[in-house]
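Keep the sequence and the structure in view while reading.

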Amino acid sequence: MMQVKEVARRFGAIEHAIGQAAQLCGKQQGMPMDLKDCINQLDQQKSAVRQAIDTQDDARIRQAVDQMESLGDRAKRACGTASSVTPEMKSAVLKVHDELSDLKHQMH
């Protein structure tokens, strides 16, 4: 298991990436509802992971990251099937997905 301090550091970058995706989500017209929903849920879930990190409970951190990684997978799929998503948005979603996936795999 990664040290909690390392998870917190890595999650800070993930929070930033989610913030960028959420900001782009608000600007883009005609974005698929599934993708918008995933981005909103990721944005809301950030606090659950941060709380888990604050408790330093490894199981709770893993569970929260796993849930977010599943949302990242969903967002990536939604991005791949949508034709109305800008390259900038696709890049932001892939960054979130890749960061979450990498963190999840390093934690297990």
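How are α2 and α3 oriented to each other, roughly parallel or roughly antiparallel?

## The model

This is a predicted model, in which local features need pLDDT of at least 70 and side-chain atom pairs count only at pLDDT 80 or more, while totals for chains, interfaces and linings use all residues. Residues are numbered from 1 along each chain as its sequence is written, and side-chain values use heavy atoms, without hydrogens and water.

## Helices α2 and α3

Helices here are DSSP runs (H or I) of at least four residues, numbered from the N terminus. Helix α2 covers residues 33–55 and helix α3 residues 58–81; their axes come within 9 Å and cross at roughly 165°. The axes are lines fitted to C-alpha atoms over the stretch in contact, with angles from 0 to 180 degrees between N-to-C directions. α2 and α3 are therefore roughly antiparallel to each other, a term for angles over 145 degrees.

## The nonpolar core

The largest nonpolar core has 35 residues, and L35, I61 and M89 have the most contacts inside it. Such a core is a set of buried Ala, Val, Leu, Ile, Met, Phe, Trp, Tyr and Cys residues joined through side-chain atoms within 4.5 Å; buried means under 20% relative accessible area (1.4 Å probe, protein chains only). α1 (4–27), α2, α3 and α4 (87–107) each supply at least two residues of this core, and α1 gives the most, with nine.

## Residue E69

E69 is found in helix α3 and is buried, with a relative accessible area of 6%. Leaving out residues up to four places away in sequence, E69 touches L100, S101 and K104, where contact means heavy atoms within 4.5 Å.

Terms used: Parallel < 35°, antiparallel > 145°, perpendicular 65-115°, else oblique. Buried < 20%, exposed > 50% of the residue type's maximum accessible area, 1.4 Å probe, protein only.
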